[in-house]
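Dear colleague,

I am passing on the structure that we spoke about, and below it you will find some notes on what was found. Please read them with the structure open beside you.

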Amino acid sequence: MTVDNSINDNSINIMTTEELNRKQPPAITEAVNFHIALKQYEKYVLNNGVEVYAINAGAEDVVMVDCVYYAGNWFEHKNLVAASVNFLLKNGTKNKSAFQLNEHFEYYGSYLNRSCYNETATVTLYALTKHLPELLPVMRELLTESVFPQEEIEVYKQNMKQRLNVNLKKSDFVAGRLIDVYLFGQEHPYGKFSSFEDYDAITRDELVDFYNQYYINGKFVLFVAGKLPSNLFQLLNEQFGSLNNNAVAVESIPAIPAGKKKYRVTNDPTGMQGAIRMAAPFPNCHHPDFVKVQVLNNVFGGFFGSRLMSNIREEKGYTYGIYSYLQNHIQQSAWMVSTEAGRDVCELAIVEVYKEMARLRNEEIGEDELLLVRNYMMGSILGDLDGPFQILNRWKNIILNDLDKNYFYKQIETIKNVSAQELQELANKYLLEENFYELVVV
């Protein structure tokens, strides 16, 4: 990542303390005037056709190896199987117990994380570069020789049910589950949520079958960043170049949104606070309106200086914070407003959200406000690219969403140039009260 702030000095003068005028502030350059370039990745292809995307950068001798499988809950035939398999990868292999696996990674000062999403599941290693030869074979072992011991499955079930029991007492947690059900339907991968019965119903055979189909015989992509060793390709090819890499069909699953739009749920009769979610279906990141609406969203509720924050937090005092955002799903998306407010002012807060939507539909955004948002977004992108891991994550989003390689630069161009008139037209297209599901959980 490089930044050019367009200062055209051909030389640098070193000023002494006596020459500095500390009463004169330094010149300020608007973030929109920065030229931000995304460092290009290096691409390798292993012997089995697995693609490797690498960013070789950074001053410290650290590295991240991120193995992304197409093994999210989109592919499961029974709820929680995908997430359970991903979590239990580290809980025992043919040759090592869960304790031995954890001890091995800790001995080398590394950290191995697992995460399961809707379409993908990841196994991510953070380590010192010099320890990759000792760590990659054990990482491979998790991906090819996990055995899912029954005793580990039982402990996992118990722990997850205890965590669920605690979370279900939180209105915020309940609201996050329910709004996705209203948007997509409870049987849709984006609308599924966990239950005690689902955890009890998990069997070892189902976990092993899913593991065999989507890990051992599935498809994966490697993302690597940090101060990379010169023999990186050899190391990766030795450990991952002989694994299966079979195409995985992504079945099209239509959303089945709820017919009713307004919901009020009592979760804690004695609670003092309510969780508010307002959401509307929205196209995914391939839609031509997506990036422009990101600008509109920031004006609406996307950062601390947004209209929702100024009105509902600063002026009305209904909440400590309120935000809006576009969900980053691969297949479908949604435009979400999220906040927690005092139980007695939840309905008033919703009224104010709709008022801010109407303002954006009826009035063009002023140039000063739009410049503030442009600068905020450019500054946020600049901050997001601070280091090789963050740069790779930006590429990872582009690659996994199958976006054009120039998507990043189109995004920058849109942030700098989208007009107030275009944003008003988008507000009239999307920020309509009748489009939004409305939920309050108290």
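Does K429 count as buried, partly exposed or exposed? At 45% relative accessibility, K429 counts as partly exposed, where buried means under 20% relative accessible area, exposed means over 50%, and partly exposed lies in between (1.4 Å probe, protein chains only).

Please keep in mind that this is a predicted model, in which local features need pLDDT of at least 70 and side-chain atom pairs count only at pLDDT 80 or more, while totals for chains, interfaces and linings use all residues. Residues are numbered from 1 along each chain as its sequence is written, and side-chain values use heavy atoms, with hydrogens and water left out.

K429 forms a salt bridge with D289, with the closest N and O atoms 2.8 Å apart; the term stands for a side-chain nitrogen of Lys or Arg within 4 Å of a carboxyl oxygen of Asp or Glu. Because K429 lies in helix 15 (residues 420-430) and D289 in the loop between strand 10 (273-282) and helix 9 (290-302), the pair ties together parts that are 140 residues apart in sequence; helices (H or I, at least four residues) and strands (E, at least two) are DSSP runs, numbered from the N terminus. D289 itself counts as buried, at 11% relative accessibility.

A second salt bridge joins the side chains of K355 and E352 (3.3 Å, N to O), which are 3 residues apart in helix 11 (residues 346-362) and thus separated by about one helical turn. Here K355 is partly exposed at 46%, whereas E352 is buried at 8%.

With kind regards
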